[in-house]
Amino acid sequence: MTAHPALDQVDAVAAQLADPHTAPLGPRATSSHRQHLAYGPPGIALLHIERAANGLGPWQRAHDWLAAASCQPFTSGPDSYPFYGAPAFAHTLACAADHLPGSYQRALNTMDRQIAADAGRRLDAAHRRIDAGRLPELAEFDAIRGLTGYGAYLLRRDPGSPLMRAVLDYCVRLTEPITHHGETLPGWWTETGPSGSPDDDRFPGGHANTGMAHGIGGVLALLALAARKGIATDGQHAALRTILAWLDRWQEETASGPAWPYWITRGELRTGRLALSAPRRPSWCYGTAGLARAQQLAALALGDTDRQIEAENALVAALTDPDQLKVTTDNGLCHGFAGLAHIAARTADDAHLSTVGQLRAAVPALLAAVHPPGTDPARTATALIQDEERGPGLLDGATGTALALLAPSTAEPPRSAWDACLLIA
């Protein structure tokens, strides 16, 4: 591996989170979020798994965190979802098991059966909802809580299964328009705001979410990733084109290049015009960075080289636009500079020859934003881990920042597939 100064910060975070019994976890990681992939031990274990898989740390640390994460029973059934409970831990355990043949298989097989049963029940409920002509909730289909997240897990663990194809069938059906109170809406339109709760002040009539975490961007990525692995169902390519056409319709032209809104409101849908807005941060969860990667994956699945190059250029523009970078205010994986660096590296791995150089050239500045020259790694790691708002977790905290620094710092893709839950690879 090629050494990079940012790896010192990765090492420092890993060292301070070496022992689950002494690590300063904070309330988010030890309370009700103990089972949460975003905040708790399952996410922290991923850092030690990825480092061990790369020969950068001992497997014992990964074992210790897996043991700490599983010291109490995990929630399963209706109260669990891809980022919480048994499915969250199963993702982490699978990342370790891929590199330790024979290890954890009994536990994984048990969880796989439960996850399959839960996903099957969710699919049945979703089809009944569609049959009744009702609009979905975000938690029905999104990557964090819904069927897209279950699909991401199945695509790794059981890609050729009937259940995987059933999830794809559902995703295809989700892209079909729905008539609600006499108005034709995209099939993923929800009656709530982005929080999942009714918000008649800001979102009267609901919204169509475009994000990777909670919107149709994650569905696009799942359909594309499955197609690239040869896992297909009827209407899959048509569904990809439907989502791409929607994103084309709402594409904004900024001074630096194309960008996409976080969501479309009912008022915008009716007028066909976006409300004026300030520059938005180009993050994984919402905005241009995650959507550019999803569109690149879709273009690769469809064999559309022109669209692929357009998506890659859109990401380059977002990563080099001072106005968009100005509103990126933290270093985390979900919506910070480390996440942008990771997306850039993953996109570059599949990029066209005409854009790969520009994508890789954008990475050093993003790494420097996270780890400026002269930064003390140990001090920075302490500040990240002890941050009361973000803490040590995966999505917003120190673990995610460290994991997201690895691939762009080494110019090598992750070896543990830890980021499969993000649907960017």
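A search of the whole structure, which is a predicted model, finds two cavities of 30 Å³ or more. On a 1 Å grid over the protein atoms alone, a cavity is a set of points where a 1.4 Å probe fits but cannot get out, whereas a pocket is an open set with protein on both sides within 12 Å along at least five of seven lines, and lining residues have an atom within 4 Å of a point. Grid points are joined across faces, edges and corners, and a volume is the space filled by probe spheres set on the points.

The largest cavity has a volume of about 110 Å³, and its lining includes Leu-37, Phe-83, His-91, Tyr-150 and Tyr-153. Helix H5 (86–97) and H8 are the elements that give two or more residues to this lining, with the largest share, four residues, coming from H8. Helices (H or I, at least four residues) and strands (E, at least two) are DSSP runs, numbered from the N terminus. The lining of the largest cavity divides into ten nonpolar, two polar and no charged residues, where Ala, Val, Leu, Ile, Met, Phe, Trp, Tyr, Cys and Pro count as nonpolar, Asp, Glu, Lys and Arg as charged, and the others, Gly among them, as polar.

The largest pocket has a volume of about 300 Å³; of the 22 residues that line this pocket, Glu-252, Thr-254, Ala-278, Pro-279 and Arg-280 are the closest to its centre.

Axes are lines fitted to C-alpha atoms, for helices over the stretch in contact, and angles run from 0 to 180 degrees between N-to-C directions.

| Helix pair | Angle | Axis distance |
|---|---|---|
| H6 (residues 105–131) and H8 (residues 147–157) | about 140 degrees | 11 Å |
| H9 (residues 162–174) and H10 (residues 216–228) | roughly 135 degrees | within 11 Å |

H6 and H8 are therefore oblique to each other, and H9 is likewise oblique to H10, since angles under 35 degrees count as roughly parallel, over 145 as roughly antiparallel, 65 to 115 as roughly perpendicular and the rest as oblique.

In contact, meaning heavy atoms within 4.5 Å, residues of H6 including Leu-108, Asp-112 and Arg-122 meet Leu-147, Tyr-150, Tyr-153 and Arg-157 in H8. The residues of this contact of H6 with H8 are eight nonpolar, two polar and four charged. In the contact of H9 with H10, the residues divide into eleven nonpolar, no polar and no charged.

Residues are numbered from 1 along each chain as its sequence is written. In this predicted model, local features need pLDDT of at least 70, side-chain atom pairs count only at pLDDT 80 or more, and totals for chains, interfaces and linings use all residues, while side-chain values use heavy atoms, with hydrogens and water left out.
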